[in-house]
Amino acid sequence: MSSLAIRDLTKRYDDTAVVNAVSLDVTEGEFVSLLGPSGCGKTTILRMIAGLLEPSSGSILIGGEDVTRLPANRRNIGLVFQSYALFPHLTVFENVAFGLRRQGVKGGDLGTRVTEALARVRLDAHADRFPRQLSGGQQQRVALARSIAPHPSILLFDEPLSNLDAQLREEMQIELKRLQAELELTSLFVTHDQHEAMSLSDRICLLAGGDIQQVGTPEEVYFRPANGFVAGFIGSPNKLSGTMRAGRVEIAEGVALHAAGAGHGEGQPVSVTLRQEDIVLDPDAPDAPLSGRIALRIFEGGAVQYLVKLDSGLELLARVRSRGPQANMAEGTRVGLSVAPEHLYVAPREAA
Amino acid sequence: MMARHPSWLLTLAAIAILLFMNAPTVVVVLASFSATEYLTIPPQGWTLDWFAEVLTDDGYLRAISTSLLLASCATGLSLILGTAASYALHHRMVRGVDAILSLVMAPLVFPAVVIGVALLQYVSLLGLRGHFIILVLAHVLITLPYVVRSALSSLTGLNPQVEEAARVLGADGFTAFRLVTLPLLKPGLVAGGIFSFVTSLDNVPVTIFLLTPRQTTLPVKIFASVEHGVDPSIAAASTLMIAGTAIVLILAQRWVSFSRFF
Amino acid sequence: MRAPSTGYGLLTPVLALLVAGFLAPTAIMALLSLRTYSGMQGFGDEWTLANYIFVIGDPYYLLIIGRTLMLGLIVTAACLLLGFPLALFIQRSRPAVQTAAILLVIFPLLCNIVVRSFGWMVLLAPRGLINEALMAAGLIATPLDLMYNLTGVIIGLTQIFLPFMVLLLVPALQNIPADVEAAAFTLKSSRPRVFLTITVPLAIPGIITGSILVFVLSISALVTPRMLGGPTYKVMATQIYDEFMTNLDWPAGAALAFVLTVIALVLIWGANRVAAHFTRGFSA
């Protein structure tokens, strides 16, 4: 396993930069996610690292060696595709053996290493099958075995779980995490799913518009978003617009909230991000300065989501734990709402 | 969805039309086995003499071997050149993909007889008339559209990530193509190759202008022979061609759906 | 990462063949068709339109051009008339019947044109199967002239190009959503009315494509008109053949070839535009 470093990596099409001077370090054995909405440049970065796309400028280093100009086949990288990209005309065994054969591994050694890789994903009994005879989850596990069999120096994942259904996705997440820890794989994982990124990653690199927004542990990204975009992307936020009035944020006529560290000038239009789970509902304080009526209650299993209609007409979504004390409020109940100032993310906004 | 069935009138019409479409081939086969010079209904006796006549005739045998050799060479070359070109066109590796594609397809749009006479003039001016390689290249020209169309449609159906996976796993461009893309293109290429072979084997309007008096292909020989009237040995030669086509079609059914061509 | 040089490397053989083996011959023929010519001295050095004026002005050539176009129209109409019911039958049949019928359509298509034309000679000749049968049945006293005239060529070409028409009409009909017709029936439309107001208009792009294809193939056909029309009943393609192979008047042949090419290309270009227009209209 090796470390991965990218330096000022840039990809331009015509004059538009889809990846803009991105620098990132992944240490040996670390699991880093590239997280962002579609079109943020995350897959472009991954393809450049794999050697499938030529960077406009910048460099890529694997284990300290500059591989920027090296063709894909000489980078010794493992890549797991969203579409699995198994070779449909080859058996599971031959799929996994493909990379090993390119390295010149032959005979008994080949069989041993293929079986070992397949055993790691618990598919050693299926070596003689063809990909089409396997389920989606099994195919993805073959793809995983195929990419780890040649002992790559780094492992790249391109949204590998997004074609699986919800339950299978969770199982595969656990399996991936287990495998990654066992083999201490240096991994870069592209995803648009924040839950996936949170649960798998040592660190998350959040991208938007080709630029890094924040790099940090899942906790850092969640609890200390670097800017309004991160705050709005992570968690399930309410997005409001307001104006600074007397050091507070006015989100509707006569409704103003305290915000921590809001250093914005009087009258400055701002966008406000407010996580659903950061809103505290209190049925015993119906006359709080911020109050409203529960318009909708949605039971989600682990959580209960409320749509609260404020007296000003504004609607907010709030989420509480389903075993918590606020889980059983009926629709129509009047509640007071409060938000800790540090949970309010305020960013300047162009006046409409 | 409500299932619809053809009315009996439509069924009757369809049967009649299908009969009309297949009548000439059936008649040719019957005539080739008929003991009489002219086919009658009911036929008066059967014989294999006409086949014996064709298969012992030097002229026919040479025409058959020329036809098969020409079709094989043209198809082989067409497959190699067409697949390479399709790969470059599909991946848009060059500028002007649409223009190049139109040019490749142009021999399909041009009246065949025009291509034939244009080549006749050209080859005569260059003093190359009668060379077998000229015939082969002319046939590559007219079979290439089928190979390219078929290869392109197969390439479109391919998951581009499969070849990328091979490259990331350590295969260089050519190895990835040989071990992954080519096997996956095989059904399409087999179909294109069969269509190309049949097209080459059948061609008269281009071939006839490029032959010297000493050369001939089977269809051109049949075409020339009927100037002297209908003869049962022509029917026997024709039946051999029909049988060949039928065998190819039956074999092809195992691999491919012909609908891709239409 | 793919270098453009690889792309040109892969395309060069095909491009070389197309330029040297298709564009160059066509261009040279175009140039030679504008040169003076005499059978003794070969090509002259002067530019002239005489070959075209000769071909378009001469009543004999005009007759051949007119006859070729009329033949094309008749064959196209015949193919539509026979192709539509067969395509409709295929579209409405069970899958097994569909496969069998399509095989019976494709088989003649793959059979050699020379062989099929020869089959028609066996059928249509003065002592052919049809005349023999009709005379044996006492319906006619002397053989009908079914061959070496317009009748023979029409029958032959119709049979030869009918598969193209059917194979283009079937997908055109299958693209019509079944519920559109069903909806029309539920609105109490009669069967012929639904056919004329729904089925036929929706199949128009296929009808246009099929008709143009059959027309262009018919006016370009050499083998069938030669075999069933004989050496005397001539169309453009057979006349071109004779100019080159018998009369050795290459410039006249080249001029006639270009007239044929222009007709074919203009028709195909026009048809693509019309078909595109219709396709847009329906998908919009």
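1. In this predicted model, the largest nonpolar core holds 153 residues, and the members that touch the most others are B:V117, B:L119 and C:V122. From chain B, this core draws at least three residues from each of two domains, namely domain 1 (24–56 + 229–262) and domain 2 (70–215).

2. When its neighbours within four places in sequence are set aside, its contacts include B:F209 in its own chain.

3. The contact between chains B and C takes 73 residues from chain B and 74 residues from chain C. On the chain B side, the elements giving two or more residues are α1 (8–33), α3 (58–90), α4 (97–109), α5 (112–126), α6 (132–156), α8, α10 (218–225) and α11 (232–255). Of these, α1(B) provides the largest share, with 15 residues. By class, this side of chain B comprises 62 nonpolar, nine polar and two charged residues.

4. Chain B also touches chain A, where 15 residues of chain B are in contact with 17 residues of chain A. Two elements of chain B give two or more residues to its side of this contact, α7 (160–168) and α8 (173–202). The most come from α7(B), which gives seven residues. The chain B side here divides into nine nonpolar, three polar and three charged residues.

5. Chain A contains eight helices and 20 strands. Its C-alpha trace spans about 80 × 45 × 30 Å along the principal axes. The domain assignment divides chain A into domain 1 (4–228) and domain 2 (236–348), and the C-alpha centres of these two domains lie 39 Å apart. Of the 352 residues in chain A, 41% are buried. Among contacts in chain A between residues at least 6 apart in sequence, 66% join residues at least 24 apart.

6. One hairpin of chain A may be examined in detail. Strand β17 (residues 303–310) of chain A pairs with strand β18 (residues 315–321) of chain A in the antiparallel sense, over seven bridges. Within this pairing, A:L307 has A:L317 in β18(A) as its bridge partner. Four residues lie between the strands of the hairpin, and A:G313 takes a positive phi near 100 degrees.

7. Most residues other than glycine have a negative phi. A:A85, although not a glycine, has a positive phi of about 55 degrees. It is found in the loop between β6 (77–80) and α2 (92–102) of chain A. C:L248 likewise has a positive phi of about 55 degrees and is not a glycine. C:L248 is found in the loop between α12 (236–247) and α13 (250–283) of chain C.

8. Which of these residues is buried, and which is exposed? A:A85 is buried, because 25 other C-beta atoms lie within 10 Å and the cut-off for a buried residue is 20 or more. C:L248 is exposed, because it has 12 other C-beta atoms within 10 Å and a residue with 12 or fewer counts as exposed.

Note on methods. Residues numbered from 1 in each chain as written. Chains lettered and ligands numbered in written order. Predicted model: local features only at pLDDT ≥ 70, side-chain atom pairs only at ≥ 80, totals over all residues. Contact = placed C-beta atoms within 7 Å. Nonpolar A, V, L, I, M, F, W, Y, C, P; charged D, E, K, R; others polar. Core = buried A, V, L, I, M, F, W, Y, C linked by C-beta atoms within 7 Å. Domains from an automatic or database assignment. Pairing = 2+ DSSP bridges.
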